[in-house]
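Please look through the structure shown here before reading on.

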Amino acid sequence: MRPLLVFQTDFTYMEGAVAAMYGVVKSVDRDIEIIDATHEIPQYDTWSASFRLNQYMRFWPKGTIFVSVVDPGVGTKRRACVAKTKDGYYIVTPDNGTLTHVSAVSGIEEVREIDESINRLKRDDNKAVSIFHGRDLFGYCAARLASGIISYEEVGKTYPVEEIVKHKITKGEVYDTYARGIFEINDPNFGNLWTNIALDDFNKIFSHGDKIHTTIEHKGEVVFDQVIPYYPSFGMAEDKSVMIYNNELNNIAMAEVVGNLCKDHNLSYGSDYIVTFRKVDNE
Amino acid sequence: MRPLLVFQTDFTYMEGAVAAMYGVVKSVDRDIEIIDATHEIPQYDTWSASFRLNQYMRFWPKGTIFVSVVDPGVGTKRRACVAKTKDGYYIVTPDNGTLTHVSAVSGIEEVREIDESINRLKRDDNKAVSIFHGRDLFGYCAARLASGIISYEEVGKTYPVEEIVKHKITKGEVYDTYARGIFEINDPNFGNLWTNIALDDFNKIFSHGDKIHTTIEHKGEVVFDQVIPYYPSFGMAEDKSVMIYNNELNNIAMAEVVGNLCKDHNLSYGSDYIVTFRKVDNE
Amino acid sequence: MRPLLVFQTDFTYMEGAVAAMYGVVKSVDRDIEIIDATHEIPQYDTWSASFRLNQYMRFWPKGTIFVSVVDPGVGTKRRACVAKTKDGYYIVTPDNGTLTHVSAVSGIEEVREIDESINRLKRDDNKAVSIFHGRDLFGYCAARLASGIISYEEVGKTYPVEEIVKHKITKGEVYDTYARGIFEINDPNFGNLWTNIALDDFNKIFSHGDKIHTTIEHKGEVVFDQVIPYYPSFGMAEDKSVMIYNNELNNIAMAEVVGNLCKDHNLSYGSDYIVTFRKVDNE
């Protein structure tokens, strides 16, 4: 049975790009099963591409091939690659930061630069096209790999794993009486904010049911300052109140119950948002 | 052949939640065919979840398993269940109102509470996670049921069908010279409004081609008051004019032709919108 | 192996219409593989439907069946048809302009009007429904064709290809010192604008690396006037600068690098946008 092909891009479904890319895959091999991870990565945002890939990759069957096309540098000299992770997955992607989180969490065993002389779609009607590598390169190469037309070794030459382009990741820190970190991403649908503080660290000083003095600073200015509870799940606090919980990746996060924290409190994520959780007893 | 697994949630595709959930399903059994019903149910809206499920369920092959995850009470004591309908479908869902319309229209034959000791995903990296039952409970349990790893009986213990949580449904009424009801939902894409008045009832006093005096009250205030036609389909009235038709579920509805009634007339749905259709002759 | 069924509509996933339509397909034949091209064609926009279909159709395996349901005239006397293209595809669609671009580029070999007496879904609960041909007619007929229940000839009677409804297509023109055309569509996600000027024509007077005096007029008023570069891909110009490139269909296009040209410069597409590219030397 062929490995699954799971796609994430920033194309959206607003036009025909996804359909053209998938047509190429099915023209290589009708038996490949294509699954959407998402086509709604924020445009050009390789940080989100990297974060999302790590959010879901480990839940898939070993051998699954992930194709990520968030590619602001398409047509420039950034590498096009296929990475093999230490936990047994393949990722077909521009090497532009998209491998950051998976490198840190799963680890990359080997990475190969796609040989465009073999693994690029060549048709009369796409010869002059330099801007759609999702269709002409990543989708096409991934389909050849999934179908067994090429082996992983035939993707192209290896290059040192150390050369993989990475964003900077920071980890939140926990002290005797407080924990401090940043919001590294949000849940754009429900408006939750996900910190970079690990649950295991946080739980050294906090427990479920604690009321925690929570301060958010944005560029030095305090934009949120409340004592809020820490619970295992939503619905244990009142509607529209703000609470702390651990997210699906076992990091500490904040939510507005049956609401939208980002919208209702005008918050977002990034390294310029500093969040501090303090024990109330110790203030 | 395995039953189809059809998903509806309020997750959207804006982040990695759907992909993590589907990865779990495919890790249980590669041969399960997953289909999106929608991931754009309005957030936390169990009324819409219930309505949409009933809108499309009956058109699927018997035996299809539907997974609905609109779950504002995740992690609280609301039941997680699998219902078997009288017309031969399975629904995996939090028991939180999502079964309202299907209960009324198809009927529920039996309902079982998911036994989390057997049918919940247990991994080192999700042990402390209480907020993602789509991935860890509903998707996982549904995949086990679809693959035949568990029978329906092995989902967990039955509980009385009468205990299923339900929203209140009202039916529009038709009198000698007028019909009255509410807008129970809209079509958020085209802006149409769907009443709770049954076509068969409506047709006792109205016929295609009739001009009908239509009044909409919102919290007691008249917000729409026009004589408009009743036609079998759009395009029989002029562009941007408002008309009455019967929707795909054989209820009476209103639309702005090649327009958006909700937006252009600032209307919405809910029990505080009362719509009255009067025979013009009898005014 | 059954041909693939590829769908494009303007339904969105905001409600249950896609799920009902797909349920009908799977009820006809469980083995049909359904793929979304897109459900986000702008509402009622048969021009976009036509353009998108042509954008991706040729990349699919021969024999693929495309279903397009952008149908402002549903329930009126516009024809419902299945067209067979000269390059070996089938298109199931209302005959309302959706076949414009494919007619011009691939060519239509034969077209048949769907015989509703045979190829329309008949159920007790949809008998009175005139507004959902995606579910009751196009999806159902396409599924019967894909499954082999009917042959192409059994769709219904042929009618003259010349009677197919078409929008007017114009082609941009290239002179000694300038090229002129319109924006025929945009990329709504990245905000790029696609002209109707063919790459081959454009390259008779321009080359990569040229600085080109670019003027956009909207209803006679100049709304953009800059000298901008012509490159094979994005990322060769500075972020947020505007550049010219050739799009995936080998037409000339404009983009704002890592930005959104439409939003940031308040531009859109249509025949009332005239764009002129002039050689700088010759001014």
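At what angle do helix α1 (residues 17-28) of chain A and helix α5 (residues 133-147) of chain A pack, and how many Å apart are their axes? The model is predicted, and local features need pLDDT of at least 70, side-chain atom pairs count only at pLDDT 80 or more, while totals for chains, interfaces and linings use all residues. Residues are numbered from 1 along each chain as its sequence is written, chains are lettered from A and ligands numbered from 1 in the order in which they are written, and side-chain values use heavy atoms, with hydrogens and water left out.

Two packed helices are described by the angle between their axes and the distance between the axes. In chain A, α1(A) and α5(A) pack at about 30°, and their axes are 9 Å apart. α1(A) is therefore roughly parallel to α5(A); angles under 35 degrees count as roughly parallel, over 145 as roughly antiparallel, 65 to 115 as roughly perpendicular and the rest as oblique. Axes here are lines fitted to C-alpha atoms, for helices over the stretch in contact, and angles run from 0 to 180 degrees between N-to-C directions. Helices (H or I, at least four residues) and strands (E, at least two) are DSSP runs, numbered from the N terminus.

The crossing of α1(A) and α5(A) is right-handed, a term for the near helix being turned clockwise from the far one by less than a right angle, with anticlockwise giving left-handed. On the α1(A) side, the residues that meet α5(A) are A:A20, A:M21, A:V24, A:V25 and A:V28. Their partners in α5(A) are A:G134, A:R135, A:G139, A:Y140, A:A143, A:R144 and A:S147. Contact means heavy atoms within 4.5 Å. By class, this contact has 7 nonpolar, 3 polar and 2 charged residues.

What is the angle between the corresponding helices of chain B? α1(B) and α5(B) pack at about 30°, with axes 8 Å apart, which makes α1(B) roughly parallel to α5(B). Their crossing is right-handed. In chain C, α1(C) and α5(C) pack at about 30° with axes 9 Å apart, and they are therefore roughly parallel to each other. The crossing of α1(C) and α5(C) is right-handed too.

Chain A is superposed on chain C by a rotation of 120° with 0.0 Å of shift along its axis, at an RMSD of 0.0 Å. That is the relation of a three-fold axis. A rotation of 120°, again with 0.0 Å of shift along its axis, superposes chain B on chain A (RMSD 0.0 Å). Copies are superposed by least squares on the C-alpha atoms of residues with pLDDT of at least 70 in both.

Where chain A meets chain C, 34 residues of chain A are in contact with 36 residues of chain C. Together they bury about 3,200 Å², 57% of it on carbon and sulfur atoms. Within chain A, the residues that lose the most area to chain C are A:E15, A:R30 and A:Y44, together 21% of what that side buries. Buried area is the accessible area (1.4 Å probe) that two parts lose on being put together, summed over both.

Technical notes: Ala, Val, Leu, Ile, Met, Phe, Trp, Tyr, Cys and Pro count as nonpolar, Asp, Glu, Lys and Arg as charged, and the others, Gly among them, as polar.
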